[in-house]
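My notes follow in the order I made them.

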Amino acid sequence: MRRAIFPGSFDPFTIGHYDIAKRGLELFDEIIIGIGRNSVKKETFPIRERLTAIENAFADEDKIKVEIYDCLTVDFAREQNAGFILRGIRCVEDFEYERNMAEANKQLGNIETILLYTRPEYAHISSTLVRDLYSYNKDITAFLPAKAGSATNE
Ligand code: ADP
C-alpha cells in the first residue's frame with residue numbers, strides 16, 4: 001500500500017490544497033492530510049475547525065484521512081507508516097523552499113517528497129491571501145473547497 005502524508009498549516013485549506021490532495025490519489029492508495037500545529041505561526045482559523053472543514057471536504061473520499069500533529073513532519077510520517085510526503089508547488093520560491101525541506105526529510109527520515117505543480121488557475125491562491133481577505137470581512141468561499149462546510153465558510 002502506497003501511503004503519503006500531505007502536511008501543511010492549511011490555515012485555511014484552499015481549493016489549491018484540495019486539488020493537490022485529489023490529484024495525489026492518482027499516485028497513492030491513501031493520503032493522510034496532516035495539519036501541523038505550529039507554536040510560532042499565529043493561527044487565524046482554530047485548528048479543530050480546520051480539521052472539520054477538511055474532513056467535510058473529503059467526506060465522500062475514504063482514501064483521504066485528516067490528522068492534527070505537533071511533532072516533526074518525518075516523525076508524523078513514520079507514525080502514519082507513510083513513505084512519502086506530498087506537497088504542491090506554485091512558483092520558484094515554493095521550489096527553493098520545498099527542495100530544502102525534501103532534502104532534510106530524506107536525510108532525517110528516509111522519506112521521499114513528491115511534488116505536484118499547481119494548476120495555473122490556482123497558482124495565485126495562498127492561505128495568506130485568503131486570511132487577508134477574511135480579515136477585511138470579504139467573502140472567501142470562492143477560495144475554499146465547495147464542501148468545506150461552515151467551519152471556515154460562514
Ligand atoms: P506550509 O505552512 O507548510 O507552507 P501550507 O498550508 O501553506 O503549508 O501549504 C501546504 C502545501 O500546499 C505546500 O506544499 C504548498 O506549496 C501547497 N500549496 C499551497 N497553496 C497551493 C495552491 N494554490 N496550489 C497548489 N499547492 C498549494
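I took a pocket to be, on a 1 Å grid over the protein atoms alone, an open set of points with protein on both sides within 12 Å along at least five of seven lines. A molecule sits in a pocket if more than half of its atoms lie within 2 Å of its grid points. I found that the space taken by the ligand is the largest pocket.

I noted that this is a predicted model, where local features need pLDDT of at least 70, side-chain atom pairs count only at pLDDT 80 or more, and totals for chains, interfaces and linings use all residues. Numbering runs from 1 along each chain as its sequence is written, and side-chain values use heavy atoms, with hydrogens and water left out.

I listed 17 residues around the ligand (a heavy atom within 4 Å). Ser 9, Lys 41, Gly 88, Thr 118 and Ile 125 come nearest. I sorted the shell by class and got 6 nonpolar, 6 polar (Gly counts here) and 5 charged residues (Asp, Glu, Lys and Arg). Strand E1 (3–8), helix H1 (15–24), strand E4 (84–89) and helix H4 (92–109), as DSSP runs of at least four residues for helices and at least two for strands, each supply at least two shell residues.

Which side chains make polar contacts (N or O pairs within 3.5 Å) with the ligand? I found a ligand nitrogen 2.9 Å from the side chain of Thr 118, a ligand oxygen 3.1 Å from that of Arg 87, and a ligand oxygen 3.2 Å from that of His 17. Taken alone the ligand exposes 560 Å², of which the protein buries 89% (Shrake-Rupley, 1.4 Å probe).

Note on methods: Polar contact = N/O pair within 3.5 Å; in protein donor to acceptor, adjacent residues only side chain to side chain. 1 Å grid on protein atoms, 1.4 Å probe; cavity = no way out; pocket = protein on both sides within 12 Å on 5 of 7 lines; lining within 4 Å.
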